[in-house]
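I opened the model and kept a notebook as I went. The entries follow in the order I looked things up.

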Amino acid sequence: MAGRIKIRAQKKGDITEVKALMRHPMETGMRKDEAGEAIPAHFITEVVVFHGDQTVMQGHWGAAVSANPFLGVRFEGGEPGDTVRVTWEDNQGGTGEGQTTIR
Amino acid sequence: MKTVFFWSVCLALSLGAARVPADGVFDQYRDLMGDDNPAVFVIDEGEELWFTAQGPKSATLEACDLGLGSGVTAGAYVRFPRYFADTNEVMDVEARLVHCMTTIQGRDLESVTAKPYSLRGDLGTEIEALVTWLAAESEGETIAPEQTHAAEREMYVLGEEIFFYRAGPHDFSCATCHEQSEMRIRLQSLPDLTSHAGAANAWGSWPAYRISQGLVRTMGWRMRDCFRQQRWPELQMGSTTSIALQTYMAVNAAGGVMSAPGLKR
């Protein structure tokens, strides 16, 4: 059920504020399950925020980010009705994507 | 005499230091997160599961009667635990879901109850998701557990008895931690569940997303984990003991507002 992103984008003055909540276990690879077996590492490695076709933020993430991570980004130049898109890739080849329009 | 006085001052000081007015830091955290509770994903997953055909009968849970009629989910959660004539039992929401899965969907009881709550590394179980969605379907409603049937009132009396029953290697009862207000254990303020305010706040905020676990936990899990912390035998989901304790808490909480899923440490 991973892969989902909830996004809200709101224009405040000149700044567009993006809030994204991602569904991901973000396993570090250092934990063990109840049977003592290592739980394989599974975490987001790259996050990109797009305003239309333009990249406004790119982030390299690792195992230190919490499960179901929350990302807040502010950028200039957005207009209400524009599309904001967030994508991620993880270390197991999984991807997630979500989009919204600026309010 | 002087020594006695010295120690009583020390005791008073240490008790004073353990007093906290409110859950300050976590209230602040909740304000910052606003509506961005990761439980929103679990609510969606629970809703999908409700409408997914499963089991040998390939049925959805839409025919499940949660007490307000077949398939009525809005406002059903706040009436639990309640008596059901078809099973002749007082059930909590988890027990009722299990009943619907085994009867309507024809699923095997053992497999349905094998792992009700997530273990380390899981992203949530079916029961957790369904309960979370059902709680969200009662958001803003007044907590009003049924207490009309004699069995429901008996459940409350039994729950009260268990709440104050001291047992286990630590000689703990639920009341040991939960009959005083404005006290804390480690850094957590613990609610006084014998008071309306404490019970309403607790009952109304579970199921909740536990930040430290990255999972939504249900009230059934909360009860089971309290048993673990007391070093009592493992509490079974849907057992009389679990339902009795939940009835005691829900009835004490009656009149409060449902605001689950909450956000917890």
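**Entry 1: a pair of strands in chain B**

I started with strand 5 (residues 208–210) of chain B, which is joined to strand 6 of chain B by 3 bridges, the two running antiparallel. The model is a predicted one, so I read every value below as computed. I then looked up one bridge of this pair: B:R210 has B:L215 in strand 6 of chain B as its partner.

**Entry 2: chain B as a whole**

I counted secondary structure next. Chain B holds 11 helices and 7 strands. Its C-alpha atoms fill a box of roughly 75 × 45 × 35 Å along the principal axes.

I checked the radius of gyration against the globule rule. For 265 residues a compact globule would come near 18 Å, and chain B has 20 Å, which agrees. Of the 265 residues in chain B, 38% are buried. I also looked at contact range: among contacts in chain B with a separation of 6 or more, 70% are between residues 24 or more positions apart.

**Entry 3: cores**

Which residues have the most contacts inside the largest nonpolar core? I noted B:Y77, B:L130, B:L134, B:W203 and B:M249, in a core of 56 residues. I followed up on B:L130. Beyond its neighbours within four places in sequence, B:L130 is in contact with B:G46, B:L49, B:W50 and B:L97. Another core lies apart from this one; it has 15 residues, including A:I5, A:V18, A:L21 and A:V49.

B:D92 sits in the loop between strand 2 (89–91) and helix 4 (93–103) of chain B. Is B:D92 buried or exposed? I counted 28 other C-beta atoms within 10 Å of B:D92. The cut-off for buried is 20 or more, so B:D92 is buried. Leaving out residues up to four places away in sequence, B:D92 touches B:F80, B:P81, B:G220, B:G238, B:S242, B:I243 and B:Q246. I took the C-alpha distance to one of these: B:P81 is 11 residues away in sequence and 4.4 Å away in space.

B:L68 is in the loop between helix 3 (39–50) and strand 1 (82–84) of chain B. I found 13 other C-beta atoms within 10 Å of B:L68, which is partly exposed. With residues up to four places away in sequence left out, B:L68 touches B:G75 and B:A76. I also took its distance to B:R79: 11 residues apart in sequence, 9.0 Å apart C-alpha to C-alpha.

**Entry 4: strands of chain A**

I moved to chain A and went through its pairings. Strand 1 (residues 5–12) and strand 2 (residues 15–22) of chain A pair antiparallel over 8 bridges. In this pair, A:A9 stands opposite A:V18. The hairpin has 2 residues between the strands, and A:G13 takes a positive phi near 65°.

Strand 2 of chain A also pairs antiparallel with strand 5 (residues 70–76) of chain A, over 7 bridges. There A:I15 stands opposite A:E76.

Strand 3 (residues 44–51) of chain A is joined to strand 6 (residues 83–90) of chain A by 7 bridges, antiparallel. The bridge partner of A:V48 in strand 6 of chain A is A:T87. Strand 3 of chain A is also antiparallel to strand 4 (residues 54–60) of chain A, with 6 bridges. Here A:V47 stands opposite A:G59. Strands 3 and 4 of chain A make a hairpin with 2 residues between them, and A:G52 in the turn has a positive phi of about 65°.

**Entry 5: between the chains**

Last, I looked up how many residues meet across the two chains. I found 16 residues of chain A in contact with 10 residues of chain B. On the chain A side, the residues that touch chain B divide into 6 nonpolar, 2 polar and 8 charged.

Definitions and conventions:
Residues are numbered from 1 along each chain as its sequence is written. Chains are lettered from A and ligands numbered from 1 in the order in which they are written. This is a predicted model: local features need pLDDT of at least 70, side-chain atom pairs count only at pLDDT 80 or more; totals for chains, interfaces and linings use all residues. Helices (H or I, at least four residues) and strands (E, at least two) are DSSP runs, numbered from the N terminus. A residue is buried if 20 or more other C-beta atoms lie within 10 Å of its own, exposed if 12 or fewer, and partly exposed in between; C-beta atoms are placed from the backbone. Two residues are in contact if their C-beta atoms, placed from the backbone, lie within 7 Å. Two strands pair if DSSP finds at least two bridges between them. A nonpolar core is a set of buried Ala, Val, Leu, Ile, Met, Phe, Trp, Tyr and Cys residues joined through C-beta atoms within 7 Å. The radius of gyration is taken over C-alpha atoms; the globule rule is 2.2 Å times the number of residues to the power 0.38. Ala, Val, Leu, Ile, Met, Phe, Trp, Tyr, Cys and Pro count as nonpolar, Asp, Glu, Lys and Arg as charged, and the others, Gly among them, as polar.
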